[in-house]
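Open your viewer and switch to a cartoon view.

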Amino acid sequence: MKLALVGIGKIARDQHVPSIAASPDWDLAATVSRQGTVDGVEAFSDFKTMLAARPDIGVISLCLPPVPRFDYAQAALLAGRHVMLEKPPGATLAEVHALRDLAEAQGLTLYATWHSRMAAGVAPARDWLAGKTVTEARITWREDVRKWHPGQDWVFEPGGMGVFDPGINALSILTEILPAPVHLLHARLETPENRATPIAAKLQFSGNVSADFDWRQEGPQTWDITIDTPEGRLDLTEGGSRLAINGQTVETRPALSGEYPALYARMADLVRTGTSDVDLAPMVHVADALTLGRHISVAPFHF
Ligand code: NAP
């Protein structure tokens with residue numbers, strides 16, 4: 001199937017382009033970006049021009065930051081194309097609801113991707129937890145924003161979500177593996193005095209579930225989830241790629257090596273079966289934190 005990739009930036013180059021190239025399902029037929037291009041692929045700088053010029057391209061994958069993404073997704077669906085959204089799927093919940101409804105009305109596939117759910121340990125963790133009682137869960141998601149988002153000021157602008165840009169990956173895993181849903185009780189959000197979005201957040205959910213997100217961690221990076229049950233402890237570490245039960249490593253064998261190849265395989269299945277996958281549970285928790293959280297002003301941040 002022919003696909004156009006929109007927004008040729010960090011994640012498009014790091015993950016999307018190699019995953020599409022390695023996939024038997026997809027042919028990267030065009031790119032749309034104001035500056036970025038991919039060698040050997042027809043490049044457009046205007047999205048509507050591409051939609052008009054290439055009616056043969058049936059699927060659009062949007063790798064833009066969340067704020068500009070809605071207009072592109074809406075235009076693609078109105079032009080009769082299936083759409084794949086990077087995470088988080090939009091700047092607001094309401095705009096993703098609108099896209100979901102539009103896709104349904106048009107009879108098209110909309111896939112709100114959560115790449116961390118494709119990490120190797122996530123499905124076996126979900127299977128082990130099924131039917132168990134969670135007595136406590138702790139998320140520690142601490143990384144260096146300068147390393148992972150060098151110079152990307154959009155993450156600190158409204159809609160960029162600040163530390164929830166990585167934190168939502170942890171929440172996408174949590175909402176996939178917990179046997180029963182939880183809801184936010186309170187949150188503390190630390191926002192640099194010169195920025196609009198948090199650089200750190202502490203969240204407390206029902207069910208004794210907590211999260212500690214911080215974007216100021218230099219040195220070793222931490223992406224860990226620990227879950228206690230009466231049957232023992234589950235440790236999902238390294239962003240969901242390593243799983244241990246009661247301290248014993250569980251061998252995980254993903255069907256496809258890597259999160260993004262698995263996302264593209266899933267998108268191929270959704271298009272072939274005429275279905276959509278739009279789960280907003282991770283984003284509901286972020287919206288709740290930004291609604292209910294206590295905002296604390298902290299030291300200015302500069303890249
Ligand atoms: P990025 O490199 O800053 O932006 C991607 C591209 O989007 C840019 O190269 C730019 O291309 C285009 N763009 C940016 N602002 C735009 C605007 N206002 N209007 C139109 N186009 C615009 O961002 P990224 O790191 O790739 O992240 C993109 C998405 O992927 C985010 O939702 C992020 O959460 C997700 N993601 C990122 C990572 C990561 O490691 N960075 C990992 C997983 C997921 P042109 O200037 O050429 O048009």
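In which sense do strand β5 and β6 pair, and over how many bridges? Select residues 82-85, which are β5: this strand pairs with β6 in the parallel sense over three bridges. Pairing here requires at least two bridges found by DSSP, and the numbered elements are DSSP runs counted from the N terminus (helices: H or I, at least four residues; strands: E, at least two). Within this pair, look for L85, which stands opposite A112 in β6.

A word on the model: it is predicted, with local features needing pLDDT of at least 70 and side-chain atom pairs 80 or more, while totals for chains, interfaces and linings use all residues. Numbering starts from 1 along each chain as its sequence is written, and side-chain values use heavy atoms, without hydrogens or water.

Now show the whole sheet. It is open, with six parallel-paired strands in the order β3-β2-β1-β4-β5-β6. At the edges, β3 (42-44) and β6 (110-112) each pair on one side only.

Next, select 66-78. This is helix α3, lying across β1 (2-6), β4 (59-62) and β5, and running at about 160 degrees to β5. Angles run from 0 to 180 degrees between N-to-C directions of axes fitted to C-alpha atoms, for helices over the stretch in contact.

Finally, select α7 (164-177) and α9 (281-292), whose axes come within 8 Å and cross at roughly 130 degrees. Show side chains: with contact meaning heavy atoms within 4.5 Å, the α7 residues F164, I168, L171, S172 and T175 meet α9 residues including M283, H285 and L290.
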